[in-house]
Every structure is written in C-alpha cells, then in structure tokens.
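This report is meant to be read with the sequence and the coordinates open side by side.

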Amino acid sequence: MKIEKIDSILKKHEYRHSEIIGIMQDVQGIENYLPEGTLRYISEKLELSLTRIFDIVTFYKAFSLVPRGRHMIKVCCGTACHLGGAMQNLDRIKRTLHVREGETTEDRMFSLETVNCLGTCALAPVIQIGEDYHDAVIPGKIDNILAAYSAGHERQEVATD
Amino acid sequence: MKVPIIVDGLRVEIDQGTPIINAARKAGVFIPTLCYHEALKPYGSCRLCMVEVVHDKQRRLVTSCNFPAEGGMEVFTDTSRVRQIRRMIVELLLARCPEVLMIRTMAKQMGIESSMFKKREANECILCGLCVRFCEEVVGVSAIGLANRGIDREVATPFKVASDVCIGCGACTYICPTGCIEMVPDEKTPRLRRMKMGNLTLVPCTNNYQCESCPREENFLAEMKNVITEFRSTYRRFTEKK
C-alpha cells in the first residue's frame, strides 16, 4: 500500500490511538486485507506497539491478515439455514471453487466464510455474496450463481423481508 | 484523600480511588490473586480476588484488584457467595491447567480434589497477562502481547514471528505465576539463555543475566530485582510444601 495513502488515512483520524480500529477499517476498505508492512508503518507513525495492533487485528473477525477475494461468500449456517441444507450448499461451493472455509480462490475472486446467522431466516438457506443475498439456495443453483460473479455480472438482489 | 472503609470488620483508611485490595492487604486480610502485581496496573482477568462489597445499600460481587475504594464501603472477603465463586474459578483453572503446582496447591487448600469440568489439552498459561503487562509497563518494549479471542486466545509476538524488540530480559519468566514461560539455552549459542513458551520466539539476553552490570536503566532493574526476589520466595514456598 502506498505510504501517501496511509498517511492520508492517519491524518483523517488525527493520529489518535483511540481510532486505531477506524484506521484499520479504512485500510481494509482499500486493500481488502491488512498487509503486514502497512501495520508496521502505522505502529511506527502512531507510536502504538505492534503487539497492541496485532491483538486488535486478531480479536475482530472483520479484520484479515491474509489477502481476501473480491467477492466475500458468506454461507449462513444458522439454525434455519442449517435445517434447510446449508451444509450441502457449503460442500458444493467448496468443491466448485476448490477452497475451504476461510480461504481465498487462487484468482483472488472469492473468499469463503461461514457465519452463524445473517438475520434473514425467512430466506433460508441464504448465502451472501458481497452485498447481495441469495435466498432458498440449493446445491444445483450454486454453479449458476457463482458463474455470474466470475463473469462480472453482479446481480443486484437485496433481501426484502 | 484518605477514606475509611471496613474490611471484614476491621476499619482501614486508604486513599480514595485506590483498589480495595490495598485496604485488605493493609488490614492483613488475605485475598488470593494470580493476575495482580503491585508494580502493574490492575487488570482483573483471573477473577480470584472477588469480594462482596456493601455500599449505598447495594450488595455486590466485585474484583477487589481494580475496584476503587470509596468512603463508607464495607468489604466482606469470606462470605458464602465469595467462597462459592472462588471455588468455581479454581475448578475452572484446574481443568485448564491440571499440571500447575500453584493452582493444585490452591485447589487443595479449598478442598477441591478434582475438577468437575472436562480437562483440556495440556496448557499451562492462564492468560493472566502479567508477562504482557510487565513487558509493556516496566520493561517498556511490548515484545509479547495477547492475540486471538475466546478459546484461541494466547500469548504471542506480532505476526507470530521472532520479536525484533525483545531485549531478552527474562522478566516474563520470573513474573509468570504458573511457570509456563521457561528459560532454556539458546540453540545457536548455548551459553546464553532465552525464554520459551510453545512457539513463542524470544531473543536470549546478551549479558547472560548479569543484571548488576546491565546497561539498562535503573528503574527497570530495581523493579526486575523485586520481581526476581518475590518469584524466588514464592517458588520456595510452593516447593517446600510439596
């Protein structure tokens, strides 16, 4: 990440220790993950120990130290989705993309994650890709859904509950 | 400002806002602790120092190591509620690290033979944060810190690679209440010793723990000497009982 860019983020947050989470969110918003070099630079500039930063980064699930794909796939494994067959969907995604949970595909297109509830149980089993929700997913539909994203046609479908 | 508080029926005067454990110590009332150390800021992670406080007609359980004293407080350190909660904490600790002498002794004193909780894989760290806080507050380098959360929480160096700021002082070894940070000879230079705790990589002391001729600042050395003396006396106490 470019040093000028980090500096502008730090300036926006007025070099405050208390805004470390906001700073890292901004970095992650640009890079999709937190590069080690950037964190070392932030630690030096803020005069905040690297152990403290590492503690925060590893504490919050929203932060990632490894590069993530352009599209985040969140497979809901909550009660309703689990009963609706979320595990079969998950298996199918794993096989199609050749990744496990928490991993990113080689072309940096998708990252796979499981979540415990997306709060839209009426749409079960639900999968969130980026900002879009896909409801009543069955393993047979998955290839089509993923193909749309790989081809660059992002479907705009937001849950209406 | 000095304020009077009552600890187990004894009247003690301490500064307002200081932790109530100080009042108990002043009154000579023993409160067991694992994560508390005079040289460091209170942290409140081991929960063993739980006491019952009556203030403004309210009766509640608090951790005495970080609860600020106020005038008119009444502190009870040995009620059934306190005993029950301490027992529970010790049982949980015993399930986490059944091999640690200090915790076994503590459990024995409370009459706990075995823990009712499922034993986890061998782990000697109780995440009291003493090593982390000593490294940050007294040594001033912050070479080690806590990482992850929940059952994965552990003491680690940033990015889990060898620390580049560790000075190899060995303070973490001495201050650790469970002895899970060991001092071992360095692989490269066996003459020097370094700290070891699982995969934690720390550097050896270049001065080989000749603290008297150490170029480090005096404040740190004085505190370090206190820690070492205290460590040796506790260690002796526990080994003698054994």
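What follows describes a predicted model, beginning with chain A and moving on to the interface, the cavities and a pocket.

**Chain A and its backbone**

Chain A holds 7 helices and 4 strands, and in sequence order these elements run α-α-α-α-β-α-α-β-β-β-α. Taken along its principal axes, the C-alpha trace of chain A extends over about 50 × 30 × 25 Å.

Two backbone features in chain A deserve a look in the viewer. The peptide bond leading from A:Ala124 to A:Pro125 is cis, with an omega near -10°, and A:Pro125 sits in the loop that runs between β2 (110-115) and β3 (127-129) of chain A. The other feature concerns A:Glu14, which has a positive phi of about 55° although this residue is not a glycine; A:Glu14 belongs to the loop between α1 (3-12) and α2 (20-31) of chain A.

**Salt bridges and the contact between the chains**

Over all chains, the search of the whole structure finds 21 salt bridges. One pair is A:Lys12 with A:Asp26, whose closest N and O atoms are 2.9 Å apart. This pair links distant parts of the chain, since A:Lys12 lies in helix α1 of chain A and A:Asp26 in helix α2 of chain A, 14 residues apart.

Where chain B meets chain A, the contact draws on 15 residues from chain B and 12 residues from chain A. The size of an interface is often expressed as the accessible area that is lost when the parts come together. Chain B and chain A bury about 1200 Å² between them, and 64% of this area is on carbon and sulfur atoms. On the side of chain B, the residues that lose the most area to chain A are B:Arg149, B:Pro158 and B:Phe159, which together account for 53% of what that side buries.

By class, the side of chain B that touches chain A is made up of 7 nonpolar, 4 polar and 4 charged residues.

**Cavities and a pocket**

Rolling a probe the size of a water molecule over the atoms shows where empty space is left. In the whole structure, 3 cavities of 30 Å³ or more are found.

| Space | Volume | Lining by class |
|---|---|---|
| Largest cavity | about 110 Å³ | 14 nonpolar, 2 polar, no charged |
| Second largest cavity | about 60 Å³ | 10 nonpolar, 2 polar, no charged |
| Second largest pocket | about 670 Å³ | 9 nonpolar, 4 polar, 10 charged |

The largest cavity has 16 lining residues, and those nearest its centre are B:Cys135, B:Ala143, B:Cys166, B:Cys169 and B:Cys172. Two or more residues of this lining come from each of α4 (130-139) and α5 (171-175) of chain B, with α4(B) giving the largest share, 4 residues.

Residues lining the second largest cavity include B:Cys125, B:Cys128, B:Cys131, B:Cys176 and B:Cys180, and among the others are B:Ile126, B:Leu127, B:Val155 and B:Pro177.

Which residues lie nearest the centre of the second largest pocket? Of its 23 lining residues, these are B:Asn123, B:Glu154, B:Met197, B:Gly198 and B:Asn199. The elements of chain B that give two or more residues to the lining of this pocket are β7 (154-156) and β9 (193-197), and the largest share, 3 residues, comes from β7(B). Charged residues number 10 in the lining of this pocket, whereas the lining of the largest cavity has no charged residues.

Definitions and conventions
Residues are numbered from 1 along each chain as its sequence is written. Chains are lettered from A and ligands numbered from 1 in the order in which they are written. This is a predicted model: local features need pLDDT of at least 70, side-chain atom pairs count only at pLDDT 80 or more; totals for chains, interfaces and linings use all residues. Side-chain values use heavy atoms; hydrogens and water are left out. On a 1 Å grid over the protein atoms alone, a cavity is a set of points where a 1.4 Å probe fits but cannot get out, and a pocket is an open set with protein on both sides within 12 Å along at least five of seven lines; lining residues have an atom within 4 Å of a point. Grid points are joined across faces, edges and corners, and a volume is the space filled by probe spheres set on the points. Ala, Val, Leu, Ile, Met, Phe, Trp, Tyr, Cys and Pro count as nonpolar, Asp, Glu, Lys and Arg as charged, and the others, Gly among them, as polar. Contact means heavy atoms within 4.5 Å. Buried area is the accessible area (1.4 Å probe) that two parts lose on being put together, summed over both. A salt bridge is a side-chain nitrogen of Lys or Arg within 4 Å of a carboxyl oxygen of Asp or Glu.
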